[in-house]
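I opened this protein with my notebook beside me and wrote down what I looked up, one stop at a time. Come along and check each entry against the picture.

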Amino acid sequence: MAPQGRGRTEELGYRGPSACAAAGITYRQLDYWARTGLVQPSVRPAHGSGSQRLYSFRDVLVLKIVKRLLDAGVSLGSIRTAVQALRAADLAELAGMTLMSDGAAVYRCASPDDLAELLRGGRGVFGIAVGAVWGDVESALAQLQAERVDTGEAVPAEHPGDELARRRNRA
């Protein structure tokens, strides 16, 4: 699943304000999470004052999932474990993954059998379907400016109803 019409996900990077807008967090949260190592940008970290961090699609996906877990009251230790699992998974595998939590721990379920086993054990209060979050992030990022990771060239946001912008981008 690559963002429609914007190239492959690993070829694009998103600056802090775009990452915040897509993940639904404040810039202050983004900065704090990067400084504490909770979610650091994988494309380009900050190198001193005035440098711009650059986040990948996966980074923004993880930011949004962290926000949802925090909103649900999941412990920071469990969230750190979930972040490690999300980072270790293949990008293609993420869309079919579900994260379940009992409020204290987060469990990674990659198949219906994993989910059934978790529920049989009496755990699992709520779940986050990573594929649904993927779609939310993909839609949000399509409306925001990105930049090519290899060249730094700006990739304008898509505005489906904006015929003038489409023509200008073709020229």
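**Entry 1: helix H3**

I began with H3 and found it mostly covered, as 11 of its 15 residues are buried. Buried stands for under 20% relative accessible area, exposed for over 50%, and partly exposed for anything in between (1.4 Å probe, protein chains only). Helices (H or I, at least four residues) and strands (E, at least two) are DSSP runs, numbered from the N terminus.

Before going on, I noted that this is a predicted model, where local features need pLDDT of at least 70 and side-chain atom pairs count only at pLDDT 80 or more, while totals for chains, interfaces and linings use all residues. Residues are numbered from 1 along each chain as its sequence is written, and side-chain values use heavy atoms, with hydrogens and water left out.

I listed the buried residues of H3, among them Phe57, Val60, Leu61, Ile65 and Leu69. Next I checked the length of H3: at 1.5 Å a residue its 15 residues should span 21 Å, and its end C-alpha atoms are 21 Å apart, which agrees. The expected span is 1.5 Å times one less than the number of residues. After H3 I came to glycine 73, which has a positive phi near 85°.

Is arginine 58 buried or exposed? Arginine 58 lies in H3, and its relative accessible area of 16% makes it buried. I then looked for its contacts (heavy atoms within 4.5 Å). Not counting residues up to four places away in sequence, arginine 58 touches Leu86, Arg87, Ala89, Asp90, Leu91 and Leu94. Its side chain reaches the backbone oxygen of leucine 86 at 2.6 Å. Arginine 58 and leucine 86 are 28 residues apart in sequence, and their C-alpha atoms are 8.6 Å apart in space.

I also found lysine 64 in H3, and at 15% relative accessibility lysine 64 counts as buried. Leaving aside neighbours within four places in sequence, lysine 64 is in contact with Ala22, Ala23, Val133, Asp136 and Val137. The C-alpha atoms of lysine 64 and alanine 19 are separated by 9.2 Å, though these residues are 45 apart along the chain.

I found serine 56 in the loop between E2 and H3. At 12% relative accessibility, serine 56 is buried too. Which side chain does the side chain of serine 56 make a polar contact with? I found serine 42, at 3.2 Å. A polar contact is a pair of N or O atoms within 3.5 Å; within protein, one must be able to donate a hydrogen and the other to accept it, and residues adjacent in sequence count only if both atoms are side-chain atoms. Beyond four places in sequence, serine 56 touches Leu12, Tyr14, Ser42 and Val43.

**Entry 2: helix H4**

I checked helix H4 (residues 76–88) the same way: its 13 residues should span 18 Å at 1.5 Å a residue, and its end C-alpha atoms are 18 Å apart, which agrees. Its buried residues are Ser78, Ile79, Ala82, Val83, Ala85 and Leu86. Seen down the axis of H4, they fall within an arc of 165°, so they line one face of the helix. That arc is taken from the directions from the helix axis to the C-beta atoms. On the other side of H4, I saw that Gln84 and Ala88 are exposed. Among the elements covering the buried residues of H4 are helix H3 (57–71), strand E3 (98–101) and helix H7 (130–142).

**Entry 3: the sheet**

I traced an open sheet of four antiparallel strands in the order E2-E1-E6-E7. E2 and strand E7 (154–155) stand at the edges with a single partner strand each, so one side of each is left without a neighbour in the sheet. Two strands pair if DSSP finds at least two bridges between them. Strand E1 (residues 12–15) pairs with strand E6 (residues 146–148) over two bridges, and glycine 13 has glutamate 147 as its bridge partner in E6. Two bridges also join E1 to strand E2 (residues 54–55), where arginine 15 stands opposite leucine 54.

**Entry 4: the whole chain**
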